[in-house]
Amino acid sequence: MKAAVWHGVKDIRVEDVELKPLKDDEVVVKVAWAGICGSDLHEYVEGPVFIPVEKQDELTGGLAPLTMGHEFAGVVEKVGPAVTDVKVGDHVTVNPTITHERWADDVDVYDGYSFIGLSCDGGFASHVNVPAHNVYKLPSDFPLKLAATIEPTAVAVQAVKEGDLRFGETVAIFGAGPIGCLVVAAAKAAGARKIIVCDLSENRLKKAQEMGATDVINSGEVNAVEEIYKLVPNGVDVSFEVAGVQPTFIQAIESTKARGTMVIVSIFARPIEFNPMLLTNTGVKVTSTIAYSRDAFQKTVDLVSQGKIKVEPIITKQIGLDDIVTEGFDTLISDKTQAKILVELSGE
């Protein structure tokens, strides 16, 4: 079968691979659609970040070169002999996180973590083996194309939970890329009354408005923090840093009200510096998230499949697997009008 395989920086190849033998507790998913994530882009541009290159991943046993893709949905085509709660023909989306699972979600969400599609073979292929524990059933009439957006939406849902956002509160989101826009949608679903989004790109700000932002600020043209205080005089209840650079990290703290919460959602490619007195002087609390609990993932499946979080606007392009580098990764680097690019596999 054809798959998009990571070999190194700027070296993703669409090539023929063999599907590994099915383990007793796994299922074979025939992939319908898969999304290109910002994490995938990091691996392409400056990896390895998560991809194991020197030794096998502790949790998955994966080792580069490996098939990428951790945002995907499809149909179960085969089940291992130990699988009892999933059957052939089930429509599913996949929670790609693999942990030790020694602790409950509410004690330690990240009890070690690896990702299907980053730490072992993933969904940029016609078929993929997945632990049955990691597949979540979908209504058979829910479009699998939309289901491919559930994984990144779960990141946004977890971020809103980490921020302890309450009904009627205010938020500021720094960064209007795909995750930032999904945080907009999740905050709207959670009942935020004012959702302010800051970005340098007018196209991305328009997409944020389409996803539910009440106000947008081009932080390349005005002082974003000052503009936020004009809209919310005491600062927002919760801010979300989704850009991954030092200026927005500081702006997110500065725009948050005293004893409010700032949530780090982005992946930082390099260390940053900031003065801790920004926190000491106001009591702003800083927390972070990179993935989601199993509970948050199930809630996201329900919210998206029931239409309570609208994900369709985030999809800006659909491509074939053969074009994943030129029309996918390279396009995301050069074209800031793009949000979520989906790769069509079976297209069901």
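K2 stands opposite D16 in β2. Strands here are DSSP runs of E with at least two residues, and helices are DSSP runs of H or I with at least four residues, all numbered from the N terminus. The model is predicted, so local features need pLDDT of at least 70 and side-chain atom pairs count only at pLDDT 80 or more, while totals for chains, interfaces and linings use all residues. Residues are numbered from 1 along each chain as its sequence is written, and side-chain values use heavy atoms, with hydrogens and water left out.

Strand β1 (residues 2-8) is joined to β2 by 6 bridges, and the two run antiparallel. Two strands pair if DSSP finds at least two bridges between them. An open sheet of 3 strands has the order β2-β1-β4, with antiparallel pairing. Its edge strands are β2 (11-16) and β4 (66-67), and each pairs on one side only.

Further antiparallel pairing involves β5. Strand β3 (residues 26-35) and strand β5 (residues 71-79) run antiparallel and are joined by 8 bridges. Here V28 stands opposite K78 in β5. Strand β5 is also joined to strand β6 (residues 91-94) by 3 bridges, again antiparallel. The bridge partner of G74 in β6 is V92.

Helix α5 spans residues 202-211, and R204, L205, K207, A208 and M211 are buried in this helix. Buried means under 20% relative accessible area, exposed means over 50%, and partly exposed lies in between (1.4 Å probe, protein chains only). Seen down the axis of α5, the buried residues fall within an arc of 155 degrees, so they line one face of the helix. The arc is that of the directions from the helix axis to the C-beta atoms. An α-helix has 3.6 residues a turn, so residues three or four places apart point the same way. The buried residues of α5 pack against α4 (178-189), β12 (194-199), β13 (215-218) and β17 (315-320). At the start of α5, a side-chain oxygen of S201 reaches to within 3.3 Å of the backbone nitrogen of N203. Just after α5, G212 takes a positive phi of about 125 degrees.

Q338 touches this helix. Contact means heavy atoms within 4.5 Å. Leaving aside neighbours within four places in sequence, Q338 is in contact with R204, T316, K317, T331 and L332. Q338 lies in the loop between α10 (324-334) and β18 (340-344). At 10% relative accessibility, Q338 counts as buried.

T153 is found in helix α3 (residues 150-162). T153 has a relative accessible area of 0% and is therefore buried. Not counting residues up to four places away in sequence, T153 touches L182, T300, V304, I309 and V311. N281 sits in the loop between α8 (277-280) and β16 (285-288). N281 and A258 are 23 residues apart in sequence and 8.5 Å apart in space, C-alpha to C-alpha.

The largest nonpolar core has 91 residues, and F124 and F240 touch the most other members. A nonpolar core is a set of buried Ala, Val, Leu, Ile, Met, Phe, Trp, Tyr and Cys residues joined through side-chain atoms within 4.5 Å. Apart from this core lies another, of 16 residues, among them A224, I228, F249 and M262. Beyond four places in sequence, the contacts of F240 include A159, V160, V171 and F174.

Conventions. Polar contact = N/O pair within 3.5 Å; in protein donor to acceptor, adjacent residues only side chain to side chain.
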